[in-house]
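Hi everyone, thanks for coming. I'd like to walk you through one structure today, going from the whole chain down to single residues.

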Amino acid sequence: MENGSRRYGRGFTLWFTGLSGAGKTTISEIVERELRERFGKVEVLDGDIVRTNLSKGLGFSREDRDTNILRIGFVADLLRRNGVAVIVSAISPYKEARDEVRRTIGEDFVEVYVDAPLEVCADRDVKGLYKKAFSGEIAQFTGVSDPYEEPAAPELHIKTDEEEPHESARRVIAKLDELGYLRPVREFDRA
Ligand SMILES: Nc1ncnc2c1ncn2[C@@H]1O[C@H](COP(=O)(O)OP(=O)(O)OP(=O)(O)O)[C@@H](O)[C@H]1O
Ligand SMILES: [Mg+2]
């Protein structure tokens, strides 16, 4: 593919945004394994982990959330400039902060909106946080007591209430392939 030969080997940032429980971490783990095969150097910046080190001490006010996102974007940019495939999984609820990261990173920013209705995320309640958010035990919870601004034009929009995680991951890989970031796979390599 025309694009493929142009971008292959270049670093990029794959940015998963969406509500808690929408499926960002689940999809990113599958994509990470595939990228190790088809790309090489991969780093993951997952919101939960980042908040225990790089962003330790930050809370959930708009200012702190934005600081968290801009820090993640800063590190992602350093890595991607050095040819790394960077996977970010962070709620990143504010459009302005996401767009600022997009401007920093430029064309190698691939935004994936991991979308599931609030009721579905709350029903999954993977971490038991929605229960606490609805009861008021925790405040400023995205989608419940804090805003989530949907991406207007993400590179990919995935509805995780309509398909299985592997299918979602497959579509992410297909998008990266279409954008030309992945080494072409010969049919017999897949066997
Ligand atoms: N297509 C899908 N893609 C991803 N996850 C899915 C899908 N279908 C169902 N799920 C389920 O949804 C849940 C998603 O949880 P996950 O921890 O990945 O969310 P998250 O977006 O990373 O949330 P948080 O922001 O709290 O870290 C998992 O239990 C997963 O099995
Ligand atoms: Mg997660």
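**Around Ser20**

Let's start with one residue, Ser20. Leaving aside its neighbours within four places in sequence, Ser20 is in contact with Ile91, Cys121, Tyr130 and Phe141. Keep in mind that what you're looking at is a predicted model. So where does Ser20 sit? You'll find Ser20 in the loop between strand 1 and helix 2. Is Ser20 buried or exposed? With a relative accessible area of 12%, Ser20 is buried, because the cut-off for buried is under 20%.

Now, the ligand. There are 19 residues around ligand 1, and the ones that come nearest are Ser20, Gly21, Lys24, Thr26 and Lys127. In its side chain, an N or O atom lies 2.6 Å from an oxygen atom of ligand 1. Gly21 takes part through its backbone: a polar atom there is 2.8 Å from an oxygen atom of the ligand. Over at Glu164, a polar backbone atom is 3.4 Å from a nitrogen atom of ligand 1. How much of the ligand does the protein bury? Taken alone, ligand 1 exposes 650 Å², and the protein buries 82% of that.

Okay, let's zoom out to the whole chain. The protein has eight helices and five strands. If you read along the sequence, the pattern goes α-β-α-β-α-α-β-α-β-α-α-β-α. Along the principal axes, the C-alpha trace spans about 55 × 35 × 30 Å.

A few more numbers for the whole protein. Buried residues make up 45% of the 191 residues. The accessible surface comes to about 10000 Å², and 50% of that belongs to carbon and sulfur atoms. Here's one for anyone thinking about how the chain folds back on itself: take the contacts with a separation of 6 or more, and 77% of them are between residues 24 or more positions apart.

What about the inside? The largest nonpolar core has 33 residues, and those with the most contacts inside it are Leu14, Phe16, Val31, Leu35, Val172 and Leu176. Several elements give two or more residues to this core, including strand 1 (12-17), helix 2 (24-38), strand 4 (109-115) and helix 8 (165-179). Which one gives the most? That's helix 8, with five residues.

Not counting residues up to four places away in sequence, Val172 touches Leu14, Phe16, Ile27, Val31, Val112, Leu156 and Ile158. There's also a second, separate core of 14 residues, and among them are Val86, Ala97, Val101 and Phe109.

One last stop: Val50. You'll find Val50 in helix 3, which covers residues 47-50. Val50 is buried, with a relative accessible area of 4%. Once we set aside residues up to four places away in sequence, Val50 touches Leu45, Ser55, Lys56, Asn68 and Ile72. And how far is Val50 from Val88? They're 38 residues apart along the chain, and their C-alpha atoms are separated by 10.0 Å.

Methods
Residues are numbered from 1 along each chain as its sequence is written. Chains are lettered from A and ligands numbered from 1 in the order in which they are written. This is a predicted model: local features need pLDDT of at least 70, side-chain atom pairs count only at pLDDT 80 or more; totals for chains, interfaces and linings use all residues. Side-chain values use heavy atoms; hydrogens and water are left out. A nonpolar core is a set of buried Ala, Val, Leu, Ile, Met, Phe, Trp, Tyr and Cys residues joined through side-chain atoms within 4.5 Å. Buried means under 20% relative accessible area, exposed over 50%, partly exposed in between (1.4 Å probe, protein chains only). Helices (H or I, at least four residues) and strands (E, at least two) are DSSP runs, numbered from the N terminus. Contact means heavy atoms within 4.5 Å. A residue is near a molecule or strand if one of its heavy atoms lies within 4 Å of it. A polar contact is a pair of N or O atoms within 3.5 Å; within protein, one must be able to donate a hydrogen and the other to accept it, and residues adjacent in sequence count only if both atoms are side-chain atoms. Accessible areas come from the Shrake-Rupley method with a 1.4 Å probe; for residues, only the protein chains shown count as cover.
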